[in-house]
Each structure stands twice: as structure tokens, then as C-alpha cells.
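The structure is shown first.

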Amino acid sequence: MKKIIAIIFVLTFSIQLSAQDLLDVLNNETPETENIVTATFKGTRIVNGHSIENRKKKELEFIISHRFGRVNTGFEEFFGLDQSNIRFSFEYGLTDNLTAGLGRSSFEKTYDGYLKYSLLKQKKGTNSFPFAVSLFGSIAAKSQKAVAGNERSFAESLFYVGQVLIAKKVNSSLSFQITPTYVHRNLTAINADPHDIFALGFGTRVKLNKRVSLNAEFYPQFNKLESIDAKNSLAFGVDIETGGHVFQIILSNAITMIEKGFITESTGNFFGGDIHLGFNLSRTF
Amino acid sequence: MKTIYTILICFLLANATNAQERYLTKNGAVTFFSSAPMEDIKADNNQVLSIVDASSGKMAIAILMKSFMFKKALMQEHFNENYVESDKFPKATFKGDILNFDTIKDSETKVEVKGTMTIHGKSKEIVIPANITRNEDNILVKGEFNLLVADYDIEIPGAVAKNIAKKIKVTFKFNHKPYKK
């Protein structure tokens, strides 16, 4: 008796199998693939600081960035628009995982070069991995002539930055990044200034729709420069994307756009109105 | 012990009768082509799954959107992120019937395939012309057709209207082999 029941059971089950929807068959046959999470951030910058995103191999990106003066300087300075710091840069994908960039900022006539390497990717599916890790290293050289009596050598004009970028795309509209940062300056203004400064950056992106996102970034420092009234960098931005362009409108308490600058040399009190309006315009070729 | 054997045999029989009827491919090719004043965009996908049930003439296709390969990486990113939203809608599917399936011979036969196409979570009834060749060992289905981006709620913003065509040409080729489970 048991046997008969078993046979009937199996037969009905098999008949159901054969009546199975063709799309379900395809679903079962779909090979499990590694699914790399892409577009954690729209651009290679969250606001001022780098995101884990790289340019792909042989892609060239040209970025023009601007930061105006402080908005609370009032009407005479036209709310900061009379003053501006500009940075031009070319950033190029040497491989899919390695990007190199060269830039020049008008502020202190600073040249900078960087390398960014994508070490680990966030993955879904087989071999899933919960977050992405990139490594960033840059050198900046200040070329503005020093005032008489304060001359410095080329080596004394150099700054080094190392960052580990750890990011997670929670879902298609929300991404986070944590960025442990190390900044070294060869020359300090006074003896009390540290040569090495450590900071921990926090960044996020919230997508408002398919092409517009709201970004925020905060870089608290563990130790600060003593020669200036150093503040932690805080910035907000809106990313607007069309085709090969990304346009970012930025509010930041820093006038500089490179790591050694905005992380360690910001003096603006954001909530006191020391806000710099800025733009990043990027075009990918 | 005997019971288990019987069950196994039943299973095998049931599956064996299934298997002869169905033809499957896991590396079907789908290409789409957009021709606009500013640029032409082309993407290939060679990992498309397609199945034909020869007893009923029913057909189903599943396309993983992230498997479309573009010439420019940024185009591929925008395709997945901004247009078809692959995170939300990872697959495009088709399910329908090959009309007059019984008339198809060992030489190329022109038929129509009628069914439901689902892209970007939006379904639409369509009729696709196809050339089908059928014999014991394979069923080859190929053809081309146009689809309107707007039919599937995929928006093209004004700023790139000259870069992306409203009508996309799709070509496909599926070489189905007998499906053994």
C-alpha cells in the first residue's frame, strides 16, 4: 500500500514537473554568476574627497573644479564670488582597476598627482563580498614663491596622502564610504604642528532619482595643525549626470579640493556661515 | 529498498519523456543597435537562455541585462543604472508561442512568434518575425525586429535625445539543442 502511494506521489510530482513553466526551467538553468556591484558613487569624488570609483581602462576624464570664497563675506565680496580657487585635472584609467590623475590648483599654485587602485569589489551571487576597498596615494607640491626669508626647498614643498577607501552600496539609492586617511607634510609652519595627521572620513550618497543624487562628506581629524584654527572638513553636494558629464554643485567649509588641503587646512566653521560654493564639472572621453 | 528503486525509475521515466520534447540554449546571442544623429550605440549579449518546447511550439527567453557588453564602460554603466535599472529588473524575458510550429521543416521557414515581452518590469504583447530551421538535433531561431524604448517606460532625457534612438533594432540568434536534465 505504502508503495502504491509513493508511486502515485512521484508520478503526480513528475507530471507537475513536465507542466512546469518554460521560464522557470530557464530560471533553474541560469548559471550562478559573480555579480560585481557597480556605480556605488556616480563620480570619482563624493564631494571633495575621492570615492572608490575608478575610470575604466583607456577612459580619460577632464575635471574642472571651482571653489569660491566664503558666502558670509557679504555683498562687497559678492558673497565670495570675487575670490576663487580653480583646479584642472586629467584623470586616466591605466587599467580597469588603476587610475592615475594629474592636477593643478590655483590656490598656492599646487600641483598634485595621484594613483588609485581598486583592491576588492563588492559582489553579490557566488563569491559574494559585502564591501569594496580601494587604495589611494597622492603627492602634492606647492609652487607658490615663499616670502623673503621663508624660502623652502622643493622637498619642503611636498605633501603625501594615503587613504584606504572602504565603501558599501546598500541598495541602488544608498551608498556609504569610510576613509581612514594619513596626511604627511615635509615642512610645518611652526614646531607645534604635527608632520603627520590622521583623519577618518565618512561619506554617503543618497540618490534622489536616476540622475540626481545628494552627497555628504565629513573628515574628522585625530590631530590638527596648531598654527591655524583647523576645523574638520564638512561638505555637501548635489550630483547631476547627463550622458558623459557629471555636474556637482558643492557647499564646503574648505576652499581647497585636494586631500592635504581640505582635510587638514580647513578653517571654515560651516555652521557659522563659512561656506564655499563650488562646482565640479567632469567630462569623460 | 525496492520502493526507492521504483521511485527512482518513475522519476527517470518521467524526465526522459520530458527531455526529448525540449530544446535549450544557454549561449544565445542578442544584439541591440541604436542609431542616433550624435552616435551609434551597440551592445552584445552572448549568454541568453532560450527554450523551445517542440510538442507545443511554446518558447521562452531570459536575458540577463548586466550581460550586455558595450564598447564604452561608461555606456554600460549608464545602461544598467539609468535606463534599464538592472538592480531592480535584472532580467528581460519573453514567453510565447511559435505560430504554425508544425509547418517548420529542415530548411529556413519564415514564421511569427507571438507572446509577452517584459523589459524594465513592463510587459507588452508583441509579434516577432523569425526564421526557424528545425531537425532532430537542433532548432535554430533567428531574426530581427524593432522595439520602442517608450513602450517599456525607459526614459531618455532631453540632454541625450540626440545620442539615443527612440527605436532600437534588436537581432537574435538561438541555436537550441535537445535539453537533457
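K42(A) and E241(A) are both buried (under 20% relative accessible area, with over 50% exposed and partly exposed in between, for a 1.4 Å probe and protein chains only). The model is predicted: local features need pLDDT of at least 70, side-chain atom pairs count only at pLDDT 80 or more, and totals for chains, interfaces and linings use all residues. Residues are numbered from 1 along each chain as its sequence is written, chains are lettered from A and ligands numbered from 1 in the order in which they are written, and side-chain values use heavy atoms, without hydrogens and water.

A salt bridge here is a side-chain nitrogen of Lys or Arg within 4 Å of a carboxyl oxygen of Asp or Glu. The whole structure holds 24 of them over all chains.

| Pair | N to O distance |
|---|---|
| K42(A) and E241(A) | 3.4 Å |
| E61(A) and R55(A) | 3.0 Å |
| R22(B) and D53(B) | 3.7 Å |

R22(B) lies in strand β1 (residues 22-35) and D53(B) in strand β2 (residues 40-53) of chain B, so this pair ties together parts 31 residues apart in sequence. R22(B) counts as buried at 6% relative accessibility, and D53(B) at 11%.

Eight bridges join β13 (residues 245-252) to β14 (residues 276-284) of chain A. I249(A) has F279(A) in β14(A) as its bridge partner.

Key:
Pairing = 2+ DSSP bridges. Helix = DSSP H or I, 4+ residues; strand = E, 2+ residues; numbered from the N terminus.
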